Amino acid sequence: MIVVMERGATPEQVQHMAQRVEALGLKAHIIQGTERTVIAAIGEERAETKESLASGAGVADVVPILAPYKVASREVKQEPTQVCALGLKVGAGSIGIIAGPCSVESEEQILSTARAVKAAGATALRGGAFKPRTSPYSFQGMKEAGLKLLALAREQTGLAIVTEVMATEDVALVTDYSDVLQVGARNMQNYRLLESVGRAGKPVLLKRGPSATMEELLLAAEYILNEGNLNVMLCERGIRTFESHTRFTLPLASVPYLHHKTHLPIVIDPSHGTGHTYLVPDMAAASIAAGADGLILEVHPDPEQAMSDGYQSLNFAQFNETMAKCRAVATALGKRI
Ligand code: PEP
Ligand code: MN
C-alpha cells in the first residue's frame, strides 16, 4: 500500500512513518515527488495495517497499490523517473543515446567508436565484455580485458559505460568498471542476478526477454527496485513471433503502454529489434516518435568484420544519419536529443 504524506509533512514525520512501516514487517520505499512524498509499503499486509498507518502524524491517506508490480507502478509515483549516469540522462523529457559495438574487440575498435559516437551526440558507450551467445562456440567476449578497454574509453571521452553483466559472481567486477549495468534479454528472469544488480548501487538497463510479457518485465524490474535501487531503465529489444523478415519483432506500442503503467524510462533497441542494419535508422526515428526516452544502438567501425552482430550494426556514417533523423523527429515533438 501507499502512505501518502501531507504536502507540508516534515522530513521527521516521513522518517517516523517509514520506521512504522518497517515495524509492521513491511519494506518502506520513500519516494519524493515534486508535489508530495509517499512511502510505498511493500510486503504481506494484514487487515489492521491500513488503520494503524492512517492515524500517523503527517499522513494524508493510505491507499492500496492495485498493480502487481508495486514500486515500478505509476500509482506510487506519478512523475517520470530520470536515470542519470555521467552525461547520460534518460527520461523526464531527456532522450539519451547509448551507442557502440555489440562486443568490445580491441583498443582501436572501442576507442575509435567511442570518439565517433560522442561526436555524433551519444552520451553513453555500449560494448559487451561478457557476451551471452546462442552457441558456446561463438566469441564469448574479452571479459575483464574488455572492461578495462571500456574504462579507458570513458577516461578519454567522458562517455558513460553501459555493459552487460551475465552472472551474479561477476556483478562486483562489472560494477567496478561500468556506469550502467545491462541485464540482457536472456537473463531478464534470473531473479538472483536482478537482486544482486539491485544492490550494486549503479543504474540498470533491464532488457525485455524475447518471450516475456510486459507484466513479467515490470515484475523483473521490481526485483531491482525492491533492493532500493530506483535507477532502472526498461529496454524493449524485440520479441519472438512467427514473423521471420526481422530477427525479432519490435513492438513500439510498448513505449506508450509502459509510460502509462510505470514511471521508469523506456529505452528502445532497434538493432536487436530488427536484426538488419538497413531497418535500424527508420525504427530508431519511429521509437523517438513513439515517445522513447532513449535508444541503444550497435555501431561498429567496420560492421562486416564485427565479431558479433555485424549484420545489424551501423557504421559511423550510418550512425550520423540515424542521429540526424532522430533529432528531426525529436524537434518536431518539442524534445531535444
Ligand atoms: C546485446 O545488447 O548485445 C545483447 C546481447 O542484447 P539482448 O540481451 O537484448 O539479446
Ligand atoms: Mn548484440
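**Note on a predicted model with a manganese site**

1. Ile2 stands opposite Ala40, a residue of strand 3. This is a predicted model, and the pairing is read from it. Strand 1 covers residues 2–5 and strand 3 covers residues 37–42. The two strands run antiparallel and share 3 bridges.

2. As background, strands of a sheet pair through backbone hydrogen bonds, in either the parallel or the antiparallel sense.

3. Next, Thr49. Is Thr49 buried or exposed? Thr49 has a relative accessible area of 3%. That falls under the 20% cut-off, so Thr49 is buried. Thr49 belongs to helix 2, which spans residues 49–54. Its contacts, leaving aside neighbours within four places in sequence, are Met1, Leu24 and Leu26.

4. Leu230 sits in a loop. That loop runs between helix 7 (214–225) and strand 12 (232–236). The relative accessibility of Leu230 is 26%, so Leu230 counts as partly exposed. Not counting residues up to four places away in sequence, Leu230 touches Ile31, Val71, Thr81, Leu225 and Leu264. Take Leu264 from that list: Leu230 and Leu264 are 34 residues apart in sequence, yet their C-alpha atoms are 8.4 Å apart in space.

5. Last, the metal. Which residues are the protein donors of the manganese ion (ligand 2)? They are Cys102 through SG, His272 through NE2, Glu298 through OE and Asp309 through OD. Along the chain they follow the spacing C-x169-H-x25-E-x10-D.

6. His272 is in helix 9 (residues 270–274), and Glu298 is in strand 14 (residues 294–298). The pair is 26 residues apart and links distant parts of the chain. Both His272 and Glu298 are buried.

Conventions:
Residues numbered from 1 in each chain as written. Chains lettered and ligands numbered in written order. Predicted model: local features only at pLDDT ≥ 70, side-chain atom pairs only at ≥ 80, totals over all residues. Heavy atoms only, no water. Donors = N, O, S within 2.8 Å, 3.2 Å for Na, K, Ca; no water. Helix = DSSP H or I, 4+ residues; strand = E, 2+ residues; numbered from the N terminus. Buried < 20%, exposed > 50% of the residue type's maximum accessible area, 1.4 Å probe, protein only. Contact = heavy atoms within 4.5 Å. Pairing = 2+ DSSP bridges.
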